[in-house]
Amino acid sequence: MVTKIDRLGRSLIDLVNQVNGFHDRGIQLRILDQDIDTTTSQGRLVFNLFASFAEFEVELIRERTRKGLEHARSQGRIGGQRPAFTTEQVKKVRKLYRVNKLSQREIAAQLGVNQSTVSRALRDSD
């Protein structure tokens, strides 16, 4: 038993292979949310229809995501998290570390960031 059809496989081919494997081993499948029982011919038909619709939905989401990312890139935007420090702040971190001889922990406390952020800024700036 599974609650939703999309929890069973990542693609239509995977899903159908899983169900065929279950059938070969004598395992009966019931999908609770869609009230599908693959032991009947009607249940197998409904399963195949729902599996096709699920695969179609996944493809639509991928296509929309790809188009959205392409549009964002054409507008000059890129994905990912914004850098924690500007170029000027990285220079300040390097100065505090090399000239003032502050530890990474002290710099992090002074700037209100994690020590790993300071460490990354020092590593990436070399």
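The crossing of helices H1 and H2 is right-handed. This comes from a predicted model. Helix H1 covers residues 12-24, and helix H2 covers residues 41-74. The axes of H1 and H2 come within 9 Å and cross at roughly 155°. How do H1 and H2 run, roughly parallel or roughly antiparallel to each other? Angles over 145 degrees count as roughly antiparallel, and therefore H1 and H2 are described that way.

**A nonpolar patch**

Next comes the surface. Which residues form a nonpolar patch there? They are Leu 45, Leu 49, Phe 50 and Phe 53. Together these four have about 400 Å² of accessible area. Take Leu 49 as an example. Leu 49 is found in helix H2. Its relative accessible area is 42%.

**Salt bridges**

Now for the charged side chains. Side chains of opposite charge can pair when their charged atoms come close. How many salt bridges does the structure hold? The structure holds 5.

| Arg 30 | Asp 35 | 3.5 Å |

Start with Arg 30 and Asp 35. Arg 30 has 34% relative accessibility, so Arg 30 counts as partly exposed. Asp 35 has 60%. The cut-off for exposed is over 50%, so Asp 35 counts as exposed.

Move on to Lys 67 and Glu 63. Where do both of these residues lie? Lys 67 and Glu 63 are both in helix H2. They are 4 residues apart, about one turn of the helix. Lys 67 is at 46% relative accessibility, so Lys 67 counts as partly exposed. Glu 63 has a relative accessible area of 37%, so Glu 63 is partly exposed as well.

Then there are Lys 91 and Glu 88. Helix H3 covers residues 87-98. Lys 91 and Glu 88 are separated by about one helical turn, because they are 3 residues apart in H3. Is Lys 91 exposed or partly exposed? At 44% relative accessibility, Lys 91 counts as partly exposed. Glu 88 has a relative accessible area of 53%, so Glu 88 is exposed.

**Two loop residues**

Two loops remain. Thr 86 lies in the loop between H2 and H3. Thr 86 has 45% relative accessibility, so it counts as partly exposed. How far apart are Thr 86 and Gln 42, in sequence and in space? In sequence, Thr 86 and Gln 42 are 44 residues apart. In space, the separation is 62 Å, C-alpha to C-alpha.

Lys 101 sits in the loop between H3 and helix H4. Helix H4 covers residues 104-111. What is phi of Lys 101 near? The angle is near 60°. That is a positive value in a residue other than glycine. Most residues other than glycine have a negative phi. Lys 101 is at 66% relative accessibility, so Lys 101 counts as exposed.

**Back to helix H2**

Helix H2 links several of these points. H2 crosses H1 at roughly 155°. H2 holds Leu 49, a member of the nonpolar patch.

How values were computed: Residues are numbered from 1 along each chain as its sequence is written. This is a predicted model: local features need pLDDT of at least 70, side-chain atom pairs count only at pLDDT 80 or more; totals for chains, interfaces and linings use all residues. Side-chain values use heavy atoms; hydrogens and water are left out. Patches are made of residues with over 30% relative accessible area and no salt bridge: like charges are joined within 9 Å, nonpolar side chains (Val, Leu, Ile, Met, Phe, Trp, Tyr) within 5 Å. Accessible areas come from the Shrake-Rupley method with a 1.4 Å probe; for residues, only the protein chains shown count as cover. A salt bridge is a side-chain nitrogen of Lys or Arg within 4 Å of a carboxyl oxygen of Asp or Glu. Buried means under 20% relative accessible area, exposed over 50%, partly exposed in between (1.4 Å probe, protein chains only). Axes are lines fitted to C-alpha atoms, for helices over the stretch in contact, and angles run from 0 to 180 degrees between N-to-C directions. Angles under 35 degrees count as roughly parallel, over 145 as roughly antiparallel, 65 to 115 as roughly perpendicular and the rest as oblique. A crossing is left-handed if the near helix is turned anticlockwise from the far one by less than a right angle, and right-handed if clockwise.
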